[in-house]
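Here is a structure I have not seen before. Please help me read a few of its charged pairs and one of its loops.

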Amino acid sequence: MEKTVQPSNKCKRNHVGLEDRISRFPDEILVSILSFLTFEEAVRTSVLSHRWKHLWPFFSGSLDFDDPDTMWDIADKKKQLKVERNNFAKRVNRILKLHQGSNIDQFRVCFEFNRYSKHRVDGWIDFAMSKRVKRLELDFTPTWVCKSQMRYTFPHEWFTKLESSVGVSCIKSLMSLTLMNVRVTGKLLEHLLSNCPLLERLHVSDSDDLVTVKVCGSSLRLKYLHIIRCLEFKSIEIFAPNLESLGLIGRQTEMHVNHAPCLLDVCIGGSKPVTSAICPLSSYLSQLQSLILHICIYPNEKLEFLKFQPLTNLRHLKWRVTASDGESLVYLISMVEAAPFLQKFTLELLWSKPLIEREFRKVMKYPNEHLKELEIMGFVGRAIDMELTVYLLESAIKLEKIVINPRSPALVGTPWEFETTEKNEGAIECANQLKKNLPQGAELLIL
């Protein structure tokens, strides 16, 4: 029979002493400890003791309500989607009703919005602002995009009227605002920038009401500004002394960057030609560390080898390219050569039919001693990506790793991301042929 070892009296005393020390902490300290946990973890602490049971409602950390997997699973079943959407909203309301704390760090909702959801979302925003939220994120991106898709309109009057329940005094604690598939105007954004002295991050995507905005102020703390796929967006003026990251993706947008001395990271592009997209940033290109370009190459578009000014501080260059199979990316190679200290290059390729057989364009290699990592996503193994990949492999003489992923970037984050198709199998076969082009010591990883 196995002998049971009993804990010594010393161990018992240490254990009891530890319990006593924790129990002597005031409620404020214990609530502060809870804020470092996720909300779900904080709720689970209620089983520890009667005292802990009454602490989690004062949770001041991140309230994150997101159930995308369920929505994707039932996206094509309208009746079930309506039920799940209603259950989701009830769960959020139930938790908010139980919350008793005076402030929260973050309030995030990822939700399938429809016309019956407005009053609920209004209530959620009212709750968040009354709790002096620091980071607010509303993501109403639909699982399926359609022309009749309803979009939530941000309650402008709440934030612009002093007498409203969430007036100027309630937004002064806001440090980060993310609005996705939410209708918001430039006038409101300018109001928030003027009245939120701590605001450092502003992200707006898929807003049809945003036409023009001025991001100007010598005292602005704003470090991150991204405006993505706002179809009616026409112009922006920037004077932001602390801005580090700028993202502008969309149609023809007139951009005036008057002052951005700290700019390090840019994500830009859309329907404009590459040179036109980056021209307004010419004064800041040499200081950038990361540059992401969204590039559209149209069929039969006349392309010439482009010239770029030196990108001496650039460490990461990423191209997200939409093109047909018959086009070529070698015309953009001069951008890689303009960045002598580039360490990582990423290509995300969204290509379209028709399939066109053409000869590879051979480009003279340009030795790069600093390029260590290549990542090709949406790899198809045809001329459009093979000729660029071969050039990079032959030029990056000290390459350490190349990652090739045949899955389309458009499927990332969807249930179909990891589905295997015949096209993928053919691309993998072509990727294996690149082994003969690898620099000595480099690793080829095919996902």
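The questions and answers below concern this predicted model.

Me: How many salt bridges does a search of the whole structure find?
Reply: A salt bridge needs a side-chain nitrogen of Lys or Arg within 4 Å of a carboxyl oxygen of Asp or Glu. The search of the whole structure gives a total of 14.

Me: Which residue forms a salt bridge with arginine 135?
Reply: The closest N and O atoms of the pair are 2.2 Å apart. Arginine 135 lies in strand S3, residues 135–139. The other residue sits in the loop between helix H6 (78–98) and S2, so the pair ties together parts 30 residues apart in sequence. That residue is aspartate 105.

Me: Is arginine 135 buried, partly exposed or exposed?
Reply: Buried means under 20% relative accessible area and exposed means over 50%. Arginine 135 has 32% relative accessibility, so it counts as partly exposed.

Me: Which helix holds aspartate 122 and lysine 118?
Reply: Aspartate 122 and lysine 118 form a salt bridge, with their closest N and O atoms 2.8 Å apart. They are four residues apart, about one turn of the helix. Both lie in helix H7.

Me: Is aspartate 122 buried or exposed?
Reply: The cut-off for buried is under 20% relative accessible area. Lysine 118, at 41%, counts as partly exposed. Aspartate 122 has a relative accessible area of 12%, so it is buried.

Me: Where is arginine 320, which forms a salt bridge with glutamate 348?
Reply: The closest N and O atoms of glutamate 348 and arginine 320 are 2.5 Å apart. The pair links distant parts of the chain, 28 residues apart. Glutamate 348 is in strand S16 (residues 344–352), and arginine 320 is in strand S15 (residues 316–324).

Me: Which residues are linked with Asp64 in a network of salt bridges?
Reply: The network includes Asp64 itself. The residues linked with Asp64 there are Asp66, Arg108 and Glu137.

Me: Which residues is serine 117 in contact with, leaving aside its neighbours within four places in sequence?
Reply: Serine 117 is found in the loop between strand S2 (106–110) and helix H7 (118–130). At 1% relative accessibility, serine 117 counts as buried. With neighbours within four places in sequence left aside, its contacts are Arg85 and Phe111.

Definitions and conventions: Residues are numbered from 1 along each chain as its sequence is written. This is a predicted model: local features need pLDDT of at least 70, side-chain atom pairs count only at pLDDT 80 or more; totals for chains, interfaces and linings use all residues. Side-chain values use heavy atoms; hydrogens and water are left out. Helices (H or I, at least four residues) and strands (E, at least two) are DSSP runs, numbered from the N terminus. Buried means under 20% relative accessible area, exposed over 50%, partly exposed in between (1.4 Å probe, protein chains only). Contact means heavy atoms within 4.5 Å.
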